[in-house]
Amino acid sequence: MNSYCNGLQCRECGRKFDLEPIFACDFCFGPLEVDYNYENIKADLNKNKIESGPSSLWRYAPLLPCNPEFKIDLGDGFTPLIKANRLAKAIGLDHLWIKNDTVNPTWSFKDRVVSVAIAKAIEFNFSAIACASTGNLANSVAAHAAAAGLDCYVFIPQDLEQGKVVGSAIYAPNLIKVEGSYDDVNRLCTELSMVKNWAFVNINVRPYYSEGSKTLGFEICEQLGWRTPDHIVAPMASGSMYTKIWKGIKEFHKLGLIDEPKVRLSGAQASGCSPITTAYENNSFTFVPQKPDTIAKSLAIGNPADGYYALKQMEETNGHAAQASDSEIIEAMNLLAETEGIFAETAGGVTIACLKKLVETNKITKSEETVAVISGGGLKTIEAVSDVANNAMLVKPNIDSFEMNLTH
Ligand SMILES: *Cc1c(COP(=O)(O)O)cnc(C)c1O
Ligand SMILES: [Zn+2]
């Protein structure tokens, strides 16, 4: 099917390719991207159709490069957009929303990209599904592969949080811990993808996988009443999600679903792994790879595949980049939880800490309507904030003991 997709196209030289499991241009080595037939999509898609669709990212199926017949639907996407008045007040904004992707089936935004990648892998008839992961991707790939009954190989750095390791192992994939950083894991998996008939979701089917992140942009617009906010702040690891949110918004405009977007997009990184933010701070469009050392392990990609495109997009949308230290990340995780009742993982702490800095430095002004993307749930990175458990009181099971402890 899919008269909605023309094929793949090189982002650098524009050369066209068929819709196949390839990811780099064999002429210039540029990354490949899906090339859509927007006229066909426009003929079939309108606000009413989307609004009466399923309460998942599959409501946008014509804008995804896969046949929804092959979907493994755990209820991914269409997460709440929450007006965050208490957090807004605490950091000095008039209007703030949290896009709460902690409530996805495996508690992170990765369920969006995996939904598309696994449907495509099934359509392509791969014998197994695999990935190189900083943690959340492994959880999502393992869960969706289990639900599909597919063989699964997930590769992770050896030093991940227990929540992320157990959060993969529970689905009984082949779980491989690699002695090295994510960048080492990624290099190994790239080599393996050449000799195995496996769909590595973020490597050999990456052009399809990455399209799943557009749904964050679609949902933000739809949930605000078919319009864009003034500013979006999103975390950056490879830079893929950050760039695809903007692609999604531009597509909505192309289809006449929203007015000309004026939204600015800013990116958030941890200081212990900030190649994109550091390049931004140096006014450079080329980043220097880093060796990660941060509690925000899900964002710990030292050599980001979409770093260059992220930097271009900051310029294009008048956005900014910021970075946050480990202690600022923890403080922001606590602040988000205490003001809005949302327990985010360390990457969410990065986003809120960077949002706060952007407001403090006037890079986001008080009156800008701002959306912060919270991309993963806090029970996966309990290590970072487990100190709060020491605040519990221990009492004897009688009122006197309780009242005595309460006054102390
Ligand atoms: C993967 C991930 C991101 C963003 O990753 P990109 O590679 O930049 O698309 C953000 N937050 C969390 C929690 C993640 O797991
Ligand atoms: Zn090319």
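# A walk through a predicted model

Histidine 320 sits in the loop between α12 (307–317) and β12 (321–324). The model is predicted, so local features need pLDDT of at least 70 and side-chain atom pairs count only at pLDDT 80 or more, while totals for chains, interfaces and linings use all residues. Residues are numbered from 1 along each chain as its sequence is written, chains are lettered from A and ligands numbered from 1 in the order in which they are written, and side-chain values use heavy atoms, with hydrogens and water left out.

Is histidine 320 buried or exposed? At 14% relative accessibility, histidine 320 counts as buried. Buried means under 20% relative accessible area, exposed means over 50%, and partly exposed lies in between, with a 1.4 Å probe and protein chains only. Leaving aside residues up to four places away in sequence, histidine 320 touches Arg264, Leu265, Ser266, Gly267, Tyr280, Met314, Leu358 and Lys363. Contact here means heavy atoms within 4.5 Å.

Met314 is also one of the buried residues of α12, which include Tyr309, Ala310 and Leu311. The cover over the buried residues of α12 includes α10 (240–254), β11 (264–270), α11 (275–281) and β12. Just after α12, asparagine 318 has a positive phi of about 60°.

Strands β11 and β12 belong to an open sheet of 6 strands, in the order β4-β5-β13-β10-β11-β12 and with mixed pairing. Two strands pair if DSSP finds at least two bridges between them. Strands β4 (81–83) and β12 are the edges, each pairing on one side only. On average, neighbouring strands of this sheet are turned by 25° against each other, direction ignored. Within the sheet, β10 (residues 231–235) pairs with β11 in the parallel sense over 5 bridges, and isoleucine 232 stands opposite leucine 265 in β11. Helix α9 (residues 214–223) packs on the sheet, where α9 touches β4, β5 (95–100), β10 and β13 (369–374). The direction of α9 makes about 135° with that of β5. For such angles, axes are lines fitted to C-alpha atoms, for helices over the stretch in contact, and the angles run from 0 to 180 degrees between N-to-C directions.

There is also an open sheet of 4 strands, with the order β8-β7-β6-β9 and parallel pairing. Its edge strands are β8 (174–178) and β9 (198–200), each pairing on one side only. From one strand to the next, the twist averages 20°. Strands of a sheet pair through backbone hydrogen bonds, either parallel or antiparallel.

How is β6 joined to its partners? With β7 (residues 151–157), β6 pairs in the parallel sense over 5 bridges. Cysteine 131 has valine 154 as its bridge partner in β7, and alanine 132 stands opposite phenylalanine 155.

In a regular strand the side chains alternate between the two faces of the sheet. On one side of β6, Ala128, Ala130 and Ala132 are buried, and on the other Ile129 and Cys131 are buried. Of the 7 residues of β7, 6 are buried, so β7 is largely enclosed by the rest of the structure.

Valine 205 lies in the loop between β9 and α8 (206–209). Its relative accessible area is 0%, so valine 205 is buried. Not counting residues up to four places away in sequence, valine 205 touches Pro21, Ala117, Phe124, Phe126, Ala199 and Phe200.

Which residues hold the zinc ion (ligand 2)? The protein donors are Cys10 (SG), Cys13 (SG), Cys25 (SG) and Cys28 (SG), lying 2.3 to 2.4 Å from the zinc ion. Donors are N, O and S atoms within 2.8 Å of the metal (3.2 Å for Na, K and Ca); water is not among the atoms, so sites may look incomplete. Along the chain, the donors follow the spacing C-x2-C-x11-C-x2-C. Cysteine 10 lies in strand β1 (residues 5–10) and cysteine 28 in the loop between β2 (16–17) and β3 (32–36), so this pair ties together parts that are 18 residues apart in sequence. Cysteine 10 is buried, with a relative accessible area of 4%, whereas cysteine 28 is partly exposed at 31%.

Key: Helices (H or I, at least four residues) and strands (E, at least two) are DSSP runs, numbered from the N terminus.
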